[in-house]
Amino acid sequence: MLKTVDFDRTLILTSPHYYSLLVTISKDKKIDVMGLSWFMFTSFSPPLLAVSVGNTRNTYKNLKEVPEFSLCFPKPEIAEKAIQCGMFSGKDMDKIKELKLETLNSAKINPPIIKDSIVAYECEVMNSFATGDHSIFIGKIKNYLGDNDAYEHIYVKDGYSTTISIRYDIK
Ligand SMILES: Cc1cc2nc3c(=O)[nH]c(=O)nc-3n(C[C@H](O)[C@H](O)[C@H](O)COP(=O)(O)O)c2cc1C
């Protein structure tokens with residue numbers, strides 16, 4: 001039966017949510033990677049996606065300096081490292097180096113992609129606007145890569161505190 005609940009409770013009830021890694025680069029070429037659940041596709045033609053980034057994140061600063069990002073969907077093998085990317089800030093830590101995350105050069109943008117991903121999108125920011133404490137960045141997808149031999153990627157549940165991986169048969 002529906003009843004009034006806290007907003008946080010609705011985030012649990014709408015679980016699982018995607019978990020992705022948003023990779024950015026600063027104007028002095030420092031790479032950062034943050035955990036991100038608030039993502040959506042917004043257009044087929046041209047291919048566009050949107051990410052919602054907190055205004056206090058180091059990633060936000062990077063996106064304002066260099067308006068490009070890769071959005072990578074990590075495989076379960078790197079789930080633990082991937083979650084750490086959502087717990088620590090690039091202001092305090094070089095996450096790529098300290099978590100030993102392997103990267104590959106992107107074809108069309110400056111930020112790299114995460115090697116152990118099932119899918120990676122390379123995007124150029126074509127628009128951004130503040131919502132509340134987060135801002136929406138619309139990414140024009142310049143290139144995309146996928147691993148046809150992979151069957152699982154990571155979701156989060158219980159208010160973003162637990163990771164699960166979902167296996168499915170890709171046709
Ligand atoms: C499961 C999970 C999901 C998250 N989703 C988002 C999100 O959609 N948007 C956001 O701004 N932060 C999100 N975060 C928080 C950021 O990843 C976190 O604040 C990170 O430390 C920011 O890193 P940065 O300061 O290096 O950019 C999430 C964290 C976790 C653990």
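Two strands count as paired if DSSP finds at least two bridges between them, where strands (E, at least two residues) and helices (H or I, at least four) are DSSP runs numbered from the N terminus. The structure is a predicted model, in which local features need pLDDT of at least 70 and side-chain atom pairs count only at pLDDT 80 or more, while totals for chains, interfaces and linings use all residues. Residues are numbered from 1 along each chain as its sequence is written.

**View 1. Strand β6 and its pairing partners.** Strand β6 (residues 68-74) is joined by 7 bridges to strand β9 (residues 117-130), the two running antiparallel, and serine 70 stands opposite glutamate 122 in β9. Strand β2 (residues 20-25) also pairs with β6 in the antiparallel sense, over 3 bridges, with valine 23 standing opposite serine 70.

**View 2. The two faces of β6.** In a regular strand the side chains alternate between the two faces of the sheet. On one side of β6 lie Glu68, Ser70, Cys72 and Pro74, on the other Phe69, Leu71 and Phe73, and all are buried, a residue being buried if 20 or more other C-beta atoms, placed from the backbone, lie within 10 Å of its own.

**View 3. The shell around the ligand.** Of the 23 residues around the ligand, Trp38, Thr59, Gly86, Ser89 and Gly90 come nearest, a residue being near if its C-beta atom, placed from the backbone, lies within 6 Å of the molecule. The elements that give two or more residues to this shell are β3 (31-36), β5 (48-54) and α2 (58-65), and β3 gives the most, with 4 residues.

How values were computed: A residue is buried if 20 or more other C-beta atoms lie within 10 Å of its own, exposed if 12 or fewer, and partly exposed in between; C-beta atoms are placed from the backbone.
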